[in-house]
Amino acid sequence: MNQEVFGLRYDFIYRYGHYMELTKSEGLTMNDLSALQLRMLEANQVHHLLPLEIKEVDFRVSLLYNLSAKRMLSHVLKVEGLTILQFTKLLYAIVCTVDEGKNYMLYETGYVLKDNFIFLGHDWSDVYLTYVPLDCCQNENSVLVSLEALVNYLALKVKEDDRNRASSWLQSLFQSQSLLDYKGALLAQLNDRELIKEQSLEIVSQLNKQEVEPTIPKEVQSTLPKAVWGNKIKNNSFQVTESVEAVTDPPDISDCIDENQFRSLTFVPIKQRSINIALAVTFLLSAFVWQNYFTYPSTATLRITCGLTLLFIDSWFVIRFLGLPTWQTKKRALHPILIPSKIEREITEGEPSEPSNHSLNIQEHYKNLHMHTTLLSREKPNATIFLGNRNRPQPLGARLERKLGDTTQLIVLEHDPFTIGRGDAETEVDYRLEEAGVSRLHAEIVKNDDGYGIKDVGSMNGTLLNGESMVAYQSYPLKDGDEITIVRIALIFRL
């Protein structure tokens, strides 16, 4: 990248982690930096600032900012829309970070208030700013100008439903003459009743997402074996119906005391909290029996203690992977034996049915050719009939190819940029990859003047291009046949 900020060229590199490097083409020296600010940054861990490292080689200095486990704001805004609550939280966190920098003798003008230099953690209020400790003093009003430009940019990213509400109080926000006025206006907005209500609803929705129990799909449930309690199974025959597609599973019938009822053993899934409690109980019971053995040591006590310990561990594994065992009493349903039809007898006897292949052979095609042939007019008997563009191949353009067994899936790059990731309810991506280890927003393909380029947008497990690791946020040119590997999924770029 050839872009500059504060007269410094910035680039993204990998040094046992993802870093952003600021330097000068002719070389940055220690005299260009503020010694006081460097000592303050080294002696104190300033919150909500990107960790800074100084690299000096041959009296040339580079500023390295650690970007690990952080997301660039510009890439987050591409796939996630801002609500008015998130917009206010983000601005308030930025203003507070800049204002608190005075406690560490940092210049307000040293912050880079641009979307490419602002990074997010786990929340919109978890903001990390880029601070450049240059030995220069600028006008204090310049930070207000940069902040106003950032507010105008973020206001365009607010969702349409909240944009009208945001425009009403943005005018009063722009009248602020200092950072303290910005903080007061944003704090008053955060205390608004409607925003408090939205915040409480957001917290409740997040708690509900965490407490949702994992459900087993019906397709998987139908293939799982059913546990049956009883001594003997009387009959295991199929119930045959006229519909061949709907074949019911054989009933599980067991001998019980009541002829019309039977008891079945089922496993009920439990929450993670209950599993942890069961593990703690298992540990306490095992500790109790072993304490009894150490109090009264003997061979018989050792055998009993080992047996009980294995029993406790087995019980916990059953609860952990199968669920809590329960017994349910059910009424026995009568399953009459029906007389199979002709089609059903063919299936039970193993006779293959006739294949339903409607493709025509060459003889039948020419035999019925007169039925689907257009006759030529007498006026122009030698004219050729136009059959249309049905069989003419259309150009696909830039695309990705993914091998799925014996078939190849084509992914056309319809949008610019074309985003790839796991996605979720709040993050929309152009192509979803349902694979463990794929980030919600993993990579993006951008069209530029030279063709196409790919960029890893700060994913946790990284991206490979032709087997080589890519540096986060660094754009790499793409050519026909390049292989993009995301976790274990290989995508071939085609033009």
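Two strands pair if DSSP finds at least two bridges between them. Strands (E, at least two residues) and helices (H or I, at least four) are DSSP runs, numbered from the N terminus. The model is predicted, so local features need pLDDT of at least 70 and side-chain atom pairs count only at pLDDT 80 or more, while totals for chains, interfaces and linings use all residues. Residues are numbered from 1 along each chain as its sequence is written, and side-chain values use heavy atoms, with hydrogens and water left out.

**Strands**

- Strand S13 (residues 418-421) and S15 run antiparallel and are joined by three bridges. Phe-418 stands opposite Ile-445 in S15.
- S15 also runs antiparallel to strand S16 (residues 451-456), with six bridges between them. Val-446 has Gly-453 in S16 as its bridge partner.
- A hairpin through two residues connects S15 to S16.
- Five strands form an open sheet in the order S1-S2-S3-S5-S4, with antiparallel pairing. Strand S1 (4-5) and strand S4 (52-57) stand at its edges with a single partner strand each, so one side of each has no neighbour in the sheet.
- Within that order, strand S3 (residues 18-23) and strand S5 (residues 60-66) pair in the antiparallel sense over four bridges. Leu-22 stands opposite Leu-63 in S5.

**His-442**

- His-442 lies in the loop between strand S14 (431-432) and strand S15 (443-448).
- Is His-442 buried or exposed? With a relative accessible area of 0%, His-442 is buried (buried means under 20% relative accessible area, exposed over 50%, partly exposed in between, with a 1.4 Å probe and protein chains only).
- A polar atom of the His-442 side chain lies 3.2 Å from the backbone nitrogen of Ser-439. The backbone oxygen of Gly-462 lies 2.9 Å from a polar atom of the His-442 side chain.
- Not counting residues up to four places away in sequence, His-442 touches several residues, among them Ile-420, Asp-456, Val-457 and Ile-486 (contact means heavy atoms within 4.5 Å).

**Nonpolar cores**

- A nonpolar core is a set of buried Ala, Val, Leu, Ile, Met, Phe, Trp, Tyr and Cys residues joined through side-chain atoms within 4.5 Å.
- The largest such core has 39 residues, and those with the most contacts inside it are Phe-87, Ile-94, Leu-113, Leu-129 and Leu-154.
- Elements giving two or more residues to this core include helix H2 (73-79), helix H3 (84-100) and helix H4 (141-156). H3 gives the most, with eight residues.
- Domain 1 (4-66) and domain 2 (71-193) both give residues to this core, so it lies between them (domain bounds come from an automatic or database domain assignment).
- A second, separate core of 27 residues includes Leu-28, Tyr-65, Met-72 and Val-457.

**Aromatic rings**

- The structure holds eleven aromatic pairs (rings of Phe, Tyr and Trp, its six-membered ring, pair if their centres lie within 6.5 Å; planes under 30 degrees apart count as stacked, over 60 as edge-to-face and the rest as tilted).
- Phe-119 and Tyr-473 form an edge-to-face pair, 6.1 Å centre to centre with 70° between the planes. The pair links distant parts of the chain, 354 residues apart.
- Both Phe-119 and Tyr-473 are buried.
- Tyr-293 and Phe-294 form a tilted pair, because their ring centres are 5.4 Å apart and their planes stand at 55°. Tyr-293 is buried at 16% relative accessible area, whereas Phe-294 counts as exposed at 61% relative accessibility.
- One aromatic cluster is formed by Tyr-10, Phe-12, Phe-117, Phe-119 and Tyr-473.

Notes: A polar contact is a pair of N or O atoms within 3.5 Å; within protein, one must be able to donate a hydrogen and the other to accept it, and residues adjacent in sequence count only if both atoms are side-chain atoms.
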